[in-house]
Amino acid sequence: MKNVPILFGFIFFILLCIHTTPPSCKAFTLTIEKNDSVHDVATKLKEVGCVYSKNLFEKYGVLLGVRVQEGFYDIPLKKSFFQYLFLFEKSTYRKAVRITIPEGSTNKEIAVLCAQKLSQCDAKRFLEKVQGKEGYLFPNTYEFIGNETEDALIAVAEKEFITQTQNILTQLSEAEKKKNLIIASILEKEANTEKDMRIISGILYKRLKIGMALQVDATLFYERGKTSAQLSTSDLAKESPYNTYTNTGLPPTAISNPGKISLLAALSPEASPYLFYLTGDDGEMYYARTHEEHVKNKALYLK
């Protein structure tokens, strides 16, 4: 008889766990990662205060054969223990919204992606908030619930930039960091392979060293939206901070958001005898030692 109160207490606790949720439980969105198990779900529900017993939830989930799927679950207020289990079992979830930022994307292009994917993202607001931050949004694939504003994408992309570059740029001064970021952003637009990135990196540094204009069409495309084929003689002569034909040195900012390969190429330029390069109509890169050779390459490989 001494054990009866304990037994009733145990039964009461089980019923409490099954039929109610803690007073601290509030409606929220639960994120289920790829390969998460019922154990992971139980842990997350316990952390937010929506189950009394993590172990009991896990045991019932395993017993009932509950399978959880990757995505976002909108957890209503005050669902019972079993209602949670069946909520996952019935797969009433929203798949993660993925935004992939390709290497070499500009902030304008990322703003468009953001507005397309996130319901509360405004492209104009996005650009206002990243003004002066070209190059600092790291290319990667990011996951969201879907109802975030532009702040969410900006925050994770900036954080990823710090994470991915901390071991690459740590030893550099702020001026050197900016210099390498700008060169890497140019390489993203001027080369298609890692090998070409390193060679062109060496050419750009060589031009900077001898005081030669970089003569990079990509900087004008960034500013004016014109491709190499569309650029006229007057375009090349028009003064602007991004005209690397009329100015020596680097443009004032990065012209894209570079990935790790181009950042490493900017830091490790490959020495070569070349001073000129072009991308032929066939997509191949052609190098030249002299301007005369470069002119010949233009005649041979460009229409």
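**Note on two helix pairs**

1. Helices here are DSSP runs of H or I with at least four residues, numbered from the N terminus. Please keep in mind that this is a predicted model, in which local features need pLDDT of at least 70, side-chain atom pairs count only at pLDDT 80 or more, and totals for chains, interfaces and linings use all residues. Residues are numbered from 1 along each chain as its sequence is written, and side-chain values use heavy atoms, leaving out hydrogens and water.

2. Helix α8 spans residues 174-190 and helix α9 residues 194-210; their axes lie 10 Å apart at an angle of about 130°. Axes are lines fitted to C-alpha atoms over the stretch in contact, with angles from 0 to 180 degrees between N-to-C directions. The two are therefore oblique to each other (under 35 degrees is roughly parallel, over 145 roughly antiparallel, 65 to 115 roughly perpendicular, and the rest oblique).

3. On the α8 side, K179, N180, I183, I186, L187, E188 and E190 make the contact, and α9 brings M197, I200, S201, L204, Y205 and L208 (contact means heavy atoms within 4.5 Å).

4. Now to the other pair: α2 (residues 38-47) and α3 (residues 54-63) have axes that come within 9 Å and cross at roughly 150°. That makes α2 roughly antiparallel to α3. Their crossing is right-handed.

5. In this second pair, V38, H39, V41, A42, T43, L45 and K46 of α2 meet K54, F57, E58, G61 and V62 of α3.

Key:
Left-handed = near helix turned anticlockwise from the far one by under 90°.
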